[in-house]
Amino acid sequence: MQGLKLRASEWMLVGYFAYVAVLSACWRSNPGLSSGAFGILAAVGLMLLLVAQAEAYFPAAISHFRDFLPLGLTLAAFEEMNLFAPRQFDRRLELSWIRWDHVLLHEWHLRAAIERLGSAIPIYLELCYLLVYGLGTYCVIVLYLKHKRQEVDRFFLICLTGTLVAYALIPFFPSQPPRLLFPGMDDPTITSWVRRFNLWILKKASIHVGVFPSAHVSSAFAAAWAMFLLLPRQKRFGWGVLAYAISVSTATIYGRYHYAADVAAGFGVSLIAGALFLWLRRGRQAAG
């Protein structure tokens with residue numbers, strides 16, 4: 001039965017999908033959600049058990065497959081949030097958040113500073129926003145290259161904390177992004193092919209539930225905390241991902257993908273992952 005042992009990150013994913021299923025059963029605005037959510041929970045649980053069992057027969061191939069499996073399930077978790085899409089938005093939250101954005105972008109001249117050198121910084125920020133979808137893959141590959149493959153599960157434990165907690169909160173803050181609700185207000189004046197591509201992706205694949213907190217921000221910072229923990233003697237990787245997370249945070253505000261409030265909340269969520277990071281490091285130090 002050894003093959004049926006789930007990894008810690010896989011248990012975390014099961015717990016998240018179970019949370020969504022229970023939440024959907026209690027969701028007053030649409031009580032019919034629960035059947036779909038419980039079906040997803042059953043499918044995910046069964047898949048993980050089958051994959052774990054398959055590893056007993058094909059240990060090398062399946063083990064590597066499991067190293068990347070949480071990335072796909074995270075996308076499924078993101079899309080599942082559409083179950084909680086409200087019939088209409090009251091815009092109360094967004095009207096309070098947009099004021100801070102206007103102060104930051106216009107009165108404090110953040111947009112002007114970003115565009116001062118022309119298209120270079122806006123393109124860089126849009127690329128950062130685009131590449132966040134591959135950040136987890138990058139970090140896992142770095143761990144492979146640095147002979148730290150045994151730490152992949154620990155990486156996902158930290159990174160998923162920052163990502164899934166953000167997802168779990170989204171249904172309670174139904175909201176629309178500033179680019180849709182306030183078109184033309186403090187929008188970037190420079191439009192590049194990267195921005196058009198980002199907007200196309202969001203049109204085709206984004207959820208329509210809420211933007212608070214920003215999972216882009218929470219997952220990027222959580223990945224940084226994980227890299228600091230797992231590569232303590234090669235902190236350049238942690239600092240690099242941290243600088244990238246700051247760039248993503250700036251990009252979400254400048255590109256009007258998120259409100260500054262979303263970014264602040266996303267960073268706050270990442271601190272939960274950071275607390276897990278500190279707890280794991282303390283346990284590691286105590287062990288030896």
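User: How much space lies in the largest pocket?
Analyst: In this predicted model, local features need pLDDT of at least 70 and side-chain atom pairs count only at pLDDT 80 or more, while totals for chains, interfaces and linings use all residues. Residues are numbered from 1 along each chain as its sequence is written, and side-chain values use heavy atoms, with hydrogens and water left out. A pocket is an open set of points on a 1 Å grid over the protein atoms alone where a 1.4 Å probe fits, with protein on both sides within 12 Å along at least five of seven lines, and its volume is the space filled by probe spheres set on the points, which are joined across faces, edges and corners. On that basis the space in the largest pocket is about 1,000 Å³.

User: Which residues that line the largest pocket are the closest to its centre?
Analyst: Lining residues have an atom within 4 Å of a point, and 46 residues line the largest pocket. The closest to its centre are Phe78, Tyr129, Tyr133, Tyr167 and His216.

User: Which helix gives the most to the lining of the largest pocket?
Analyst: Helices are DSSP runs (H or I, at least four residues) numbered from the N terminus. Those giving two or more residues to the lining include helix 3 (59-80), helix 8 (152-169) and helix 10 (193-205). The most, six residues, comes from helix 10.

User: Which residues does Ser218 touch, not counting residues up to four places away in sequence?
Analyst: Ser218 lies in helix 11 and is buried, its relative accessible area being 0%. Taking contact as heavy atoms within 4.5 Å, Ser218 touches Gly162, Thr163, Ala166, Gly266, Val269 and Ser270.

User: How many disulfides does the structure hold?
Analyst: A disulfide is a pair of cysteine sulfur atoms within 2.5 Å. The closest cysteine sulfur to that of Cys139 is in Cys159, and because it is 6.8 Å away, it is too far for a bond. Cys139 is buried at 0% relative accessibility, and Cys159 is buried at 11%. The number of disulfides in the structure is zero.

Terms used: Buried means under 20% relative accessible area, exposed over 50%, partly exposed in between (1.4 Å probe, protein chains only).
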